[in-house]
Each structure stands twice: as structure tokens, then as C-alpha cells.
Amino acid sequence: MDKVELMMKSMQKAFYHSSDFTIRQIDWRNRSSAILCFYASLVDAKEVQKILDTIYARLDTDKPFWSETLVSTIEHFSLPQAVERICKGETLIVLPDTGEMLSLTILNKVNRNPDEPNNEHILRGSHEGLIENLDTNLALLRKRINNPALVVKSFRLGKETNTRAYYLYMDGVIKPETLQELEKRLHAINIDYFYSIGQLNDVLEDSVLSPFPQVLNTERPDRVVANLVEGKVVVMTDTTPTALIAPVTFFSYYQSPDDYNARVLVGSFYRMVRLLSFISAVFLPAFYIAVISFHFEILPLELSNQVKGDVNQIPYRPLIEALILEIIMELIRESSIRLPQSVGQTIGIVGGLVIGDAIVSAGLVSNLMVIVVALTAISSYVVPSMELNTTIRLLRFPFMVLASLFGFFGIVIGVVILLIHLINLSSLKQPYFAPIIPFQPKEAYKVFIRSPYIKPTVQVTSFNPPKDDRVKNGDTP
Amino acid sequence: MYRKGILVLVVVLLAGCWDERLYKNSSVVTLVGVDGTIGDYTGYYAYPKTTANQNEIMIIESTGLSPRDVRNKTNLKIEQTLDLSELSAILVSNDTVKAPLYDILDIYFRDPQNPITIKIAITEGEVKPYMEITKNLADSAGGYYQRFIESSEENTIYPKLDLQTVGSMLFDNAIDIALPYIKMNEEENRAEAAGVALFSGQTFTGKVLDPKQSLIMLLLMKQASKQARLTYMWHLDGNEIPVTSEVIHVKRKWTVNEQLKTIKMDYTIEIEVDEFSHDKLYKDYILDDVQTMIQNKVQADFEEVLKILQEQKSDTLGIGRHIRSYHPKMFKEDWHEQFVTLSLEPKVKVKVIRTGVLR
């Protein structure tokens, strides 16, 4: 058996005789043979053929760098390296005579279009979204920041899956401590199989058990860019369209690209409406329970008759009544996510109209409770971020229990605990509740107001801006 | 740790339920009426009874030794807990307040859940019919009397008082209260504002100022509200022409002479003419004449009301407070007796500053 056949055998063995692994003997110059091998599923065969033709043509001219093109390179053959390259989707031509291998990086990538992400709709501005391909995502970002100060560093995730991942930052804007902290955490990752962005999310968070997300997830390139220039780090992995942004503050979750695309007054108004929605989403059911079971004297006389008439017919305590309706609400929400879109609308009608109306007529809950729960649900969906939305919906249950035990006093206890937690929380070792605590007067008003762009020398940041004036003025090298 | 956790949870759960008072288990009383004297009180409690789509005002009547006893007796008669946290008015009959008023009000100050921004009114005769008429007139019994009193306050007939201010003034011997007085209009079966009931200390003097005198008293107190209208007849060549004017602004200055025990009360009243069918008010001689006429009439009214107040030993103007703060040597603890001996000399100056949009 000659050398070539022997080599083919060992290659096939290395790939466990997989069906989509293609290996062929081909002719090379001077009547010698070469081995062509690739994963048929990963390679764009037409393109490979084109490049191969070019290389064949060059081969005959005996040029010294005949093998070098944008997508091809030649190196010494070693079996482990060959296996790794083929696994990545490259096409390999092994030359047994010289002990070299020529690799062609032409991948047949299955990508969707960078469409607007479904969970982060905006009205005005760019409608592009990140996709499952890391290089496309990077291109979407580079397109927006034409500046070498946007630094991209690559690393690998998962010992077995070996997934590609990048972290990006703007040099000069980012705090060095932040970067060090991130690198430390990425270094400490110890997972074998990486398949979901959630794994990375948990590693990057300061306290995993907190109800508040400390890493911002987004699929919008414009949002990523806005955060990059504010001095944050972005982590992206291959095969997920989600970018992780850290360090973030609580108020980052309440900002939407829409604020900045809209006019100043409009943007500011809706930002404040959104912040108010936090209060109504978390405290409204608790407030109602407290009023009905402890402090009904605060109801105006005109309203009290109506409320009394409603409440009199309910056979159980206000907490149970609220829980029933909240759980129905969560059921409707959960089912409408899982169902295909065409059926989803039906659920909306069945859930909203039929249950909402019938449940009152049946005397299971009172009219006011339906209003309260509906308002709460609407307010919780105002948050532009999906993670904080789930947090808020979770938070209101402990408040409801506290309100049913102690009334307003209980709500106050809850608020104190919540604030203590928020103030203690950090994201990549940066204060989570900044700029309110620690208080930065110049930054604090930006939480409520989207400031106009007429002062380009002041940079939009959630944390202390760098002291360097050059950086502040935006002319980063 | 696990045990401690359970202990904390149990403590928390125990503590909570004690304070709970469910709305559906409470009968929310909005109006309370008190009749009778110590040892034989009759109390009336009005609360809404809500059935499917209908509101009905229920009135419960009980007798007892004290106001609290009456409330306890009432509780025996209803299926839910009597709850006074949404109370908005208390009616007291004129016979009951011949005895000290605080006897009745005491229970409202002791319970922290009772509102103290509610209205008190004195009724002419028994309280019962005043409670009964709310059944036909309003959705909420207390709300009816609250609105009733508040609208009269805006027309400067009742002074602006609530339970809290009444409570503090009852224990101040340098000022007296004047409470809203309500009478029954038999023909129309409606309550009617009939001026204010004058108190001397804790007790009702028995003297009631009619609505016009009440307004004059409130002007003396410098408490002209949104609307304070004075109507007088103007005589011209044997004709009578009514002139109605609205008080815009009252300025007052009291000058006390300690030796002579006299108080000069200078009032400047700026008015707007609201009604004057004769017209031609822009002519100076007519304006001057009208102005003088109103000035004289107001002067006479002021003197009359002050005389009544002194007769009844009812210092509703708070002259005692003024003297206590600015002339402490002159102030004596038995202020009511001192008040009678004062000589009060009102001096009124009326200025017409607006004559309406008609020229």
C-alpha cells in the first residue's frame, strides 16, 4: 500500500468514517497525488472549485508563493491540526510528498438576514439586528464605529465545543479596572460544553441570585454601539445573536434607542413615563391589597360605595384574589409566547376578553382587581428590556404578600429592603444604582431626561467619565 | 438556622393578622348623630348597604350611657364591624350641647383611625329626621352633610372648622367656637343652613345667629370666603333699590386701650357691586351715596353682632387670644367675664373698588 492510501485510511479513522466527511485522491503536479478532504456539510463546493482552479493555474508557473491567496495558506502537515481545521469547515489538500497541507477557508455559512429582533422593536432608527454569526455581527458594529479604538479581543469558550467569542471595548473610554475584572472572569470560566448565552451571563454577573439582571442583553447593534462609546464592554459569542453588555446600571434598562431618535421633549417624556411604570408595575397590586385590607379610609367617599359593592361579593382574601388573577395573567403570557403567532392572537382574545369579563361576572375576582392587574401587566411591558420585565413581574409577588400582612407598613419595609439591595448591587464591580447612589448630580438628571446633543464635549456615560480631556472631547486616538 | 427561620416566619405571620381589618367585613359609617344627655344618649349611625347594583342608606339607632356605650350597643345590631374611619360629619342636637361638647367628641380623638378633618353641625330639634332625609337626597349620608356644610362655608355663612380645630378651641378659654346650625325646612323636607350656634366655652349659649349675622360675624373674624354677599336697600326719592355687593377684601386693626378697657376695631372693607339696577354707578355722587349707605348699614350690623356676642359671653372673634399675646397684663383667666366688660368700638370704612363689567 502506498503512502497516500495509508494516509487516507488514517484520516478516515480520525473522522470516525463520518458520512459527510469527504476524502478523495487527486492528481498533483509531477504525476504525484494529493488528498482532498473536507466536511461536505460545511464547505461551499463551487467556491472551493474556483479557488482550486486558480491555484492549479499558478502551480504550473512555479511561482514561489503559489499557494497564498486571501483564503488559502500552506503549512506543515500534522494530523491533530488537520482535524481541527477540517472541523472548522476548511478544505484541506494534503501533499504527502512534501509533508505539507494546503487549507482553503471557504465556508458555506447558513445565515439569516440581519433583521430587526422581535423582542426589541423600535419606531425610528436602524432596524438591523445581530444574527447568529459572529463575523457578521462584528461587521455590523465596525460599520457603525469607523475607528481603530474599537478593540476586539477573541477568546474560546468550552473545552469541548471550542466556541469562538469576542469581547469588544473602546480604548480610552473604558475604565482599566473594568477591563481587568472582565478578563479575570473570562479567564475563570470553566465549562466543557458551551451552548447558550445564559452560561456566560451567569459568569459575568456579580451576584447570580439577585432578582436584578446585571448584564444587559441586546440584539440591536445600535444599542451595542451606544453602550460601547459609553465605556462598557461587550461580549459576543458565535451562534448566538445576543450581545452581553457590562457594566450596566439599573437605569440602562430603561433607555431605548427610541429616546435618542425622538426629539428631546418627546424622548424625555417617554423616559419618565417608563420610570414611572416601574413604580406602578411593582407596587400597584400591593397598594390595592393594602388599601382593601388595612387602610380603606384613604378611599374617597364617592369611590368607597362602589368598591365596597365589588369587594363584598368576593369569597376570599384580597391576596388570594390578586394571586389568582396574576397567575392567570402569567399563564396567558407564557402560552402566547410558546404558541405559533397565528394562534397567539386567539389566546389574547380568549385570555383578555373572555376570562377578564367572565371572571368578574362569576364573582371570582372584583372589577377593581381586574383593572389593577391589567394596569400592572401593561406597565411591566413598558420596560425596553426583557430581563428587567421578568424581574419586575417577579418582584411584585413579595410586595403583595407584605402588603397583605402589614399594609402600607409592609410595603415600606419591602421598599427599604429593595433599596438596600439595589444600592449594594454591583455590575462588574461598578455601582448598579449609579448615578443616584453614589450621587453624581451632573449625571443624575440624565436618568430622567434625554439631554440634547448640543454639547458634544460632554460624553454620555453612566459612570464617571475619564478624567483625560482628550478622551472627553471625543477625539480618541 | 432552619428553626430560626421558621420562628421568624411564624412571628411575622402572627403579627400581621392582628391589625388587619378587611373592607368587606366593615360597615363604613359616614354620618353619626347624637341626641340626649349623659346617662341617656341616643346615637344614630348611617352606613351604606350595598347589594348587587344598589346602594341604600341604613340608619341604626341605639341608646346607651355614654357615646362609646352607644357605639357598642350598635355593634350588637349589625352583621359587620362598625367602622368610623370614613366618617365625614357628626350631627348633634341643640339640647345635647347644653352640656359640654367634649363629652361627645372625646371618643373621636382617642381612636387613631378616626378622621379628624370631619365636620360638626348642631341641629335644631332631634337629630333623627336629619338622618332620615339623607335616604332620599344622597348616595352617601355623610357626604351629603359634608357638601352641605362646605358649600355654606364658601358662601361665608359657616366658619371653616373641622373636628381638629374645634377640639383645640374647646380647650382654649381665650376663643370660642361657633358651629354650623342646621334647621329643618318642614315644607320641602330638606335641611337648611340657619346660621351659626354660639358657644361659650364648652356649652351652647342657646343663641343662634341668622345667616346674615353669621356673615357679619365672619367679616369681623376676617374670614370672608369665596363668596360673601351683602344686600341692602338704597333709598332714592322714595324708591327702594336693592344693592348687592361682594366683599373682596377685609383689613382690620384692633387698638387696645388697657386702662379704659376699650378696643377700637377699625375695619376697611373693599367691595364689588354685584347688583345695582338703578345703574349709572360711574357718577361720583351716586357712588359716594351708595358707599356711605353700605358703610352705615355695615357699621350698624357690626355693632349689633358684637353686642350679641358680648351678651352671650361668646368670644368667637378671638379677642382673648389677641389680648393674651399683645397685652398679657390685661388678660385674666376668667376671660368670659372679662369679655363682657370690654367696650368694643367698631369703625367700618367701605370702599367700592369694582362695579362689575357694566359701565
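pLDDT is the predictor's confidence in each residue, on a scale from 0 to 100. You will want it at hand, since this is a predicted model, in which local features need pLDDT of at least 70, side-chain atom pairs count only at pLDDT 80 or more, and totals for chains, interfaces and linings use all residues. Residues are numbered from 1 along each chain as its sequence is written, while chains are lettered from A and ligands numbered from 1 in the order in which they are written.

Let's start with chain A. Its mean pLDDT is 85, with 95% of its residues at 70 or more. Helices here are DSSP runs of H or I with at least four residues, strands are runs of E with at least two, and both are numbered from the N terminus. Among the elements of chain A, the highest mean pLDDT, 93, belongs to helix 15 (residues 408-424), and the lowest, 47, to helix 17 (residues 469-472). Over residues 469-477 of chain A, pLDDT stays under 50, and the model has 17 contacts beyond four places in sequence for this stretch; a contact means that the C-beta atoms of two residues, placed from the backbone, lie within 7 Å. Where pLDDT is low, the predicted coordinates should not be read in detail.

Now follow chain A across to chain B. Here 16 residues of chain A are in contact with 22 residues of chain B. On the chain B side, helix 1 (2-19), strand 3 (40-51) and helix 6 (141-154) each supply at least two residues, and helix 1 of chain B gives the largest share, three residues.

Within chain B, the domain assignment, which is automatic or from a database, gives domain 1 (24-209) and domain 2 (211-359). The centres of these two domains of chain B, taken over C-alpha atoms, are 31 Å apart. Their contact takes 24 residues from domain 1 of chain B and 25 residues from domain 2 of chain B. On the domain 1 side, helix 6, strand 9 (190-200) and strand 10 (203-209) of chain B give two or more residues each, with strand 9 of chain B providing the largest share, seven residues.

Finally, look at a sheet in chain B. Four strands form an open sheet in the order 11-12-13-14, with mixed pairing; two strands pair if DSSP finds at least two bridges between them. Strand 11 (229-236) and strand 14 (343-354) of chain B stand at the edges with a single partner strand each, so one side of each is left without a neighbour in the sheet. Strand 12 (residues 239-257) and strand 13 (residues 262-276) of chain B run antiparallel and are joined by 14 bridges. To find your place there, note that B:Val247 has B:Ile271, in strand 13 of chain B, as its bridge partner.
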